[in-house]
Amino acid sequence: MRFVCDLIKIYLHLSRLKKNTIIHFIADGGFAVYRTLAVSFVAKIFSCPVVIDARGNSLNNFSEGKEVLFSRISWALILNLSKFILVQQKHTYQSLCEKFNNKVIHHPNCIKERPSSRSYEILNSNKMKIGFVGYCYRKKGVFNLIEGCNTASGIGAKIELTLIGEEEHSFSTFLDDFKGNANLTLRRLGRKSFDVVQQEMDKLDIFVFPSFHPGEGHPNIINEAMSAQLAIITTKAGAIGEFLNVERCYFIKPHSADDIAEQILNILSDPYEAKKKAKEASQYLKSNFSESVVYGELLKIYGELIKCAV
C-alpha cells in the first residue's frame with residue numbers, strides 16, 4: 001500500500017510541476033529497490049532528470065556482482081535511467097566508475113561545522129568519559145562495549161560510560177542485571193534529540209563504535225565524534241576504514257571486548273597520542289566532509305542538469 005501511495009503522490013506531483021524538475025531520490029537496498037525503479041520510470045515519462053542517492057551499502061552487492069537476479073536487473077535499469085549516481089562508499093564508487101563513467105559521484109555524509117569549539121580538552125581528568133550513540137542492540141557491539149569497559153575498569157581505569165539511544169529489549173535486560181566494577185559508572189540516557197546528543201558528546205573524551213552491523217555505511221555519528229574532537233575507538237564496519245586510519249583513531253576487531261579494553265588502556269597510558277589522533281580526525285573531517293565541500297559538489301551536479309534543461 002505504501003508503495004502504491006508513493007507512486008500516486010509522485011505522479012500527481014510531477015503532473016503539476018511538469019518541467020524544470022530534478023528528482024533527487026534516496027535509494028536503499030532490499031524491496032526498496034523496486035520502488036526506486038518505479039519512480040525512475042515515472043520520471044522518464046515526464047522527462048525529469050533523476051539523481052539517485054544510494055545510501056549506506058545499498059549498491060555494494062551490485063557493484064561486486066553479488067546481487068540476486070531481480071535486484072541486479074532493477075539496479076542496472078535504475079542506473080541507466082538516472083543522470084547521476086551518488087555513492088557513499090569509495091570502493092563502490094570506484095567500481096561503478098568503470099562502467100558508468102562520469103555519472104557516478106562520491107557523495108559521503110557531511111556535517112555542519114560546530115558553532116564553537118569544546119569548552120575543555122579531552123582526557124584531562126582522572127575519569128575517562130566514554131560514549132556510544134545509536135540503536136543499542138547486539139550487532140552494534142554494545143554488549144562487547146559493556147564487557148570491554150568493565151574489563152578496563154577492573155585494571156585501574158576509572159570510566160563513566162554514557163549510552164545514548166533506544167535500547168533493544170535483550171540489551172535492557174542485560175543492563176538491568178549487570179553488576180560491574182566499582183570503577184565503572186553507567187549512564188543510560190535513552191533516545192535523545194539531536195541537540196541533546198551534541199551537548200552530551202561535548203562532555204565526552206572517547207567515542208566507541210564497536211558495530212558489526214552488516215548494513216553499515218558511512219555512519220553520521222562517526223562524523224559527529226570527529227567534529228567533537230573525541231578520541232575514537234571503532235571497527236572498520238561499512239565505509240569507516242575508507243576515511244579513518246591508525247593516525248586518526250584506534251581500530252578494534254568486531255565482537256572483541258578484549259580489543260576495546262586494550263585500546264582504552266592504551267589511551268589511558270598515552271593520552272597525548274589520543275589527543276593527536278582526535279585532532280587529526282577533526283582536521284580531516286573539515287577538509288573532506290564539511291557541508292561546503294560535499295554540498296558544493298552536489299550544487300555543481302544540479303547546475304549541470306539545469307543547464308541541460310534550459
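Predicted model: local features only at pLDDT ≥ 70, side-chain atom pairs only at ≥ 80, totals over all residues.
User: Let's start with α6. How many residues does α6 have, and how far does it reach from its first C-alpha to its last?

Analyst: Helix α6 covers residues 142–153, so count 12 residues. Its end-to-end C-alpha reach is 16 Å, close to the 16 Å expected at 1.5 Å a residue.

User: How should I think about which way the side chains in a helix point?

Analyst: An α-helix has 3.6 residues a turn, so residues three or four places apart point the same way.

User: And which residues of α6 are buried?

Analyst: The buried ones are V142, F143, N144, L145, I146, G148, C149, N150, A152 and S153. That's 10 of the 12 residues, so α6 is largely enclosed by the rest of the structure.

User: What covers those buried residues of α6?

Analyst: The cover includes strands β5 (128–133), β6 (159–164), β7 (184–190) and β8 (206–209), plus helices α7 (169–177) and α11 (257–269).

User: α11 is on that list. How do I describe two packed helices?

Analyst: You give the angle between their axes and the distance between the axes. Here, the axes of α6 and α11 come within 7 Å and cross at roughly 45°. The two helices are therefore oblique to each other, and the crossing is right-handed. On the α6 side, the contact uses N144, L145, E147, G148, C149, T151 and A152, while α11 brings A257, I260, A261, I264 and L265.

User: Now the sheet. What holds strands together, and what is the strand order here?

Analyst: Strands of a sheet pair through backbone hydrogen bonds, either parallel or antiparallel. In this model there's an open sheet of six strands, ordered β7-β6-β5-β8-β9-β10, and the pairing is parallel. The edges are β7 and β10 (250–251), each of which pairs on one side only.

User: How many bridges join β9 to β10?

Analyst: Two bridges link β9 (residues 231–234) to β10, with the strands running parallel. To find the spot, look for I233, which stands opposite Y250 in β10.

User: Which strands does α7 touch on the sheet?

Analyst: α7 packs on the sheet against β6 and β7, and its direction makes about 145° with that of β7.

User: Last one: where is H107, and is it buried or exposed?

Analyst: H107 is in the loop between β4 (104–106) and β5. Its relative accessibility is 7%, so H107 counts as buried. Leaving aside neighbours within four places in sequence, H107 is in contact with D53, R55, L86, V87, Q88, V294 and L298.

Note on methods
Residues numbered from 1 in each chain as written. Heavy atoms only, no water. Helix = DSSP H or I, 4+ residues; strand = E, 2+ residues; numbered from the N terminus. Expected span 1.5 Å × (residues − 1). Buried < 20%, exposed > 50% of the residue type's maximum accessible area, 1.4 Å probe, protein only. Contact = heavy atoms within 4.5 Å. Pairing = 2+ DSSP bridges. Axes fitted to C-alpha atoms, helices over the stretch in contact; angles between N-to-C directions. Parallel < 35°, antiparallel > 145°, perpendicular 65-115°, else oblique. Left-handed = near helix turned anticlockwise from the far one by under 90°.
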